[in-house]
Amino acid sequence: MKRAGTAVITAVAALALAQPSAATAATTATWAAPTCNRVVGDGAVTFTTDGGATLAGTTGTLKPVSYTHGLIALGAENTLLATRNSELQRSTDAGCTWTHAATLGSESARLTAGSGARAFAWEPNGGYLARIDGTTVTRLTAPVAAVMGLGTDPADPAHVRLAGGDGRLYDSRNAGATWTATGTPAFPEGTGVYSATFDPTDLNHAVAGAMVRGGAVTTDGGATWTASTGLSSGPANLFQTAVSPADSAVVYGIGVDLAEAVPGSGNEGRHLFRSTDGGRTFAKILDDTAEHKLTNSTLLAPSPSDANVLHFEYGTYFMGYGTDLFRLDAGTGALTKTHNAFDDVSAIAFNPVLPSVMYLGVDEVGTPS
């Protein structure tokens, strides 16, 4: 079993708050940094102010088997949501106290923030879909059997868009009550789609990842798609991407250059990629190595204040290894690592007014047999 936090943050209240940009000031003006040095809850969520070197302790010890796949900060004052297995948890004091909000119909739901206290819960490669307003959860009917990504419109709380396993985007103007297929598929029929990521500042901008065909990007809401280049000299798998909240032109991705994925290759062709033109062109910036292990499902968390900075993780319960948290500065090439005893970190969110406060959704799998 893992301890629910090996160190305690004691000086959060003394940290100076960063000033939000003009574009985000309206939604973050009432947010504050957490003022606690111990999180009240079951241990599913903690936070750090130093990149993971120290974690806030928790009053509860997370019990196996627990996964915290969803974790988001909302525009509503000091409010966060998290999912632990099928439970929706809520904090209204900037992450210091977590309470039960509702029971979801999915054990692996992710969360996407909407406006104010609104959010959406959805299951990757599944059909579960729900709208969350405060503590009220409304089940929605997905237009596809497999949802591969979901985005919201920062200018319209009723406008939401999702990507289906068929590679097409679907649009709703009534907060998910009804859906309309829009545009053309990102890839030819029959392509295995891994994921689609929406730009948090522009719903028309999305990047999709697929098997063999690599990536594709749209900037017109799916009306047209442009194939991504730079992932490989031949075919490539692009498993997932993340658009930087600080600069929409910067997109990070995890993928495999299939031209390199030959028997005996050290990294199996797996790389961390970065684009500076919205996903049209990618370049390899980090290889899979024993020092910084990359997987097909590596969690990517771009800094909301610096487009050069990406946080990512590697965690496993095997042999009691725990979790490494990495911080990569693509501008300087500097890579730093911290370690904690949790089996994994499966979700990361940032405090809207103080991005150095990172909230971590953690997992407890248990002792391997």
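1. Two strands count as paired if DSSP finds at least two bridges between them. Strands themselves are DSSP runs (E, at least two residues), numbered from the N terminus. By that rule β12 pairs with strand β13 (residues 156-164): six bridges join them, and they run antiparallel.

2. This is a predicted model, where local features need pLDDT of at least 70, side-chain atom pairs count only at pLDDT 80 or more, and totals for chains, interfaces and linings use all residues. Residues are numbered from 1 along each chain as its sequence is written, and side-chain values use heavy atoms, with hydrogens and water left out.

3. β12 belongs to an open sheet of four strands, ordered β12-β13-β14-β15, with antiparallel pairing. At its edges stand β12 (147-153) and β15 (180-182), each pairing on one side only. From one strand to the next, the twist averages 30 degrees. Such angles run from 0 to 180 degrees between N-to-C directions, with axes as lines fitted to C-alpha atoms.

4. Which residue in β13 is the bridge partner of Val147? It is Gly164.

5. Another open sheet has four strands in the order β24-β25-β26-β27, and the pairing is antiparallel. Its edge strands are β24 (300-302) and β27 (335-340). Each has a single partner strand, so one side of each is left without a neighbour in the sheet. The twist here averages 20 degrees from one strand to the next.

6. Look next at β24 and its partner. Three bridges join β24 to strand β25 (residues 309-316), and the two run antiparallel. Ala301 stands opposite His311 in β25.
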